[in-house]
Amino acid sequence: MAENSHEKTLAALGVTQSEQVAPLFAQLQTQATADLQAAHSADTFEKFRVNWLGRKSGVLTLVGDNWLKLATPELKRAVGQELNKFKAQLEAQMEARRAAIESGAEETVSTKDRVDLSLPGVARPIGSRHLIRQVFQEIEDIFVSIGFSVVQGPEIETPYYNFEALNIPEFHPVRDDMDTFYVEAATESGAKTAPGALLLRTHTSPVQIRTMEKQKPPVRVIVPGKVYRRDNPDATHSFMFHQIEGLAVDADITFCDFTGTIEYFVKQYFGPSVKTRFRPSYFPFTEPSVEFDVSCIFCGGSGCGANGATCGKCKGSQWIELFGAGMVDPAVYGFVNYDAKKLSGFAFGMGMDRLAMLKYGIDDIQAFFQNDARFLRQFP
Ligand code: DAH
């Protein structure tokens with residue numbers, strides 16, 4: 001718009017036809033809207049008001065004086081109409097603006113609009129995988145590399161899978177070592193399960209049964225997961241811990257295949273210099289059963305600690321007990337319709353937390369579950 005057009009007469013602006021009037025007011029309107037938008041506070045709003053509506057020299061007064069009063073009779077009607085429209089529109093706009101400023105909305109908008117690019121950003125620390133997860137991965141990789149697959153099963157089990165199908169009948173004394181948490185759950189119809197019908201699994205061995213039910217031999221699986229026992233927490237016990245169960249079943253699997261597989265795993269995991277040994281043991285679902293030991297990784301199997309003292313980890317025995325294992329008891333095949341005459345296999349079940357503690361020199365299992373960032377950060 002011509003600068004300060006309202007200070008000139010229509011004649012000076014060259015307006016002689018009534019069609020020229022509306023565009024003139026449109027320019028005024030554009031200017032007013034822009035000015036009003038720049039008013040964010042009560043102060044700037046008041047300046048705007050004086051500038052446009054001031055009685056003596058406000059824009060509207062001057063428009064009245066210079067354009068309307070001095071208009072030729074042909075233009076007067078058009079100028080009068082446009083002026084009224086403009087006035088009404090301006091008042092409405094100002095009212096909305098005043099309300100916005102008074103409610104504080106304008107203030108917020110203007111503070112929000114101000115972005116301070118010099119402020120440092122919020123640094124979000126990047127987490128890492130928990131040591132237990134890392135060790136799971138390490139062990140899974142070793143077994144996957146020799147043809148095992150990884151399968152999982154439910155943490156809430158039936159006594160059938162957790163005990164009976166593993167050849168542990170009700171009242172078998174072995175159940176005493178595996179006291180656990182029985183839970184009630186709602187079935188689909190909303191009814192509660194009978195007491196004792198479900199439990200938190202005490203080992204990952206039930207997944208042996210679930211796998212053989214679904215799959216024909218040959219079977220080569222490992223089963224990582226959480227297990228639960230009613231143990232009081234101390235440096236080596238927790239009510240929840242982690243296991244990896246393993247199962248291999250095929251025609252002609254021998255005790256040699258079994259020892260070879262286990263030894264291969266242990267040397268991959270702890271390093272090639274560890275020695276291994278088996279001791280006779282008992283599990284209802286394997287026959288024969290063994291406990292599997294490695295030469296003490298802390299004293300190198302010498303039984304001696306620093307300065308000739310007795311090694312505190314193996315207590316001088318030179319060996320550390322690792323896990324239980326054995327050849328699958330033929331009775332177990334009966335539960336899954338496998339032909340015990342044609343098949344054989346081996347199984348093992350190892351405590352993951354224990355394997356992690358031994359390899360990484362951690363002497364309290366509770367450290368895994370306390371979420372102390374100082375501990376977790378040591379295993380990035
Ligand atoms: N389920 C046993 C436990 O939790 C560990 C175990 C031992 C699993 C021998 C096996 C096995 O598959 O053959 O103590």
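A nonpolar core here is a set of buried Ala, Val, Leu, Ile, Met, Phe, Trp, Tyr and Cys residues joined through side-chain atoms within 4.5 Å. Keep that in mind for this one, which is a predicted model.

**The cores**

The largest nonpolar core has 47 residues, and Ile139 and Phe265 are the ones that touch the most other members. The largest share is seven residues, and it comes from α7. As for Ile139, if you skip its neighbours within four places in sequence, its contacts are Ile244, Phe265, Tyr269, Met350, Met352 and Leu355. There's also a second, separate core of 25 residues, with Val21, Leu36, Val63 and Leu90 among them. As a general matter, nonpolar side chains tend to be buried together in soluble globular proteins.

**The sheet**

Seven strands make an open sheet with mixed pairing, in the order β1-β5-β6-β10-β9-β8-β7. At the edges sit β1 (149-150) and β7, each pairing on one side only. Here are some of the pairings:

| Strands | Sense | Bridges |
|---|---|---|
| β1 and β5 | parallel | two bridges |
| β7 and β8 | antiparallel | seven bridges |
| β8 and β9 | antiparallel | eight bridges |

Helix α9 (residues 206-214) touches β5, β6 and β10, and its direction makes about 40 degrees with that of β6. Helix α10 touches β7, β8, β9 and β10, with its direction at about 145 degrees to that of β9.

Eight of its ten residues (286-295) are buried, so β8 is largely enclosed by the rest of the structure. Val294 of β8 has Thr276 opposite it, while its bridge partner in β9 is Ile320. β7 and β8 form a hairpin, with two residues between them.

**A helix pair**

Helix α2 (residues 21-37) packs against helix α3 (residues 42-53) with the axes 10 Å apart and an angle of about 160 degrees. Angles over 145 degrees count as roughly antiparallel, so that is how α2 runs relative to α3. On the α2 side the contact uses Leu28, Gln31, Ala32, Asp35 and Leu36, and on the α3 side Phe45, Phe48, Asn51 and Trp52. Sorted by class, that contact has six nonpolar residues, two polar and one charged. Leu36 also turns up in the second core.

Key
Residues are numbered from 1 along each chain as its sequence is written. This is a predicted model: local features need pLDDT of at least 70, side-chain atom pairs count only at pLDDT 80 or more; totals for chains, interfaces and linings use all residues. Side-chain values use heavy atoms; hydrogens and water are left out. Buried means under 20% relative accessible area, exposed over 50%, partly exposed in between (1.4 Å probe, protein chains only). Helices (H or I, at least four residues) and strands (E, at least two) are DSSP runs, numbered from the N terminus. Two strands pair if DSSP finds at least two bridges between them. Axes are lines fitted to C-alpha atoms, for helices over the stretch in contact, and angles run from 0 to 180 degrees between N-to-C directions. Angles under 35 degrees count as roughly parallel, over 145 as roughly antiparallel, 65 to 115 as roughly perpendicular and the rest as oblique. Contact means heavy atoms within 4.5 Å. Ala, Val, Leu, Ile, Met, Phe, Trp, Tyr, Cys and Pro count as nonpolar, Asp, Glu, Lys and Arg as charged, and the others, Gly among them, as polar.
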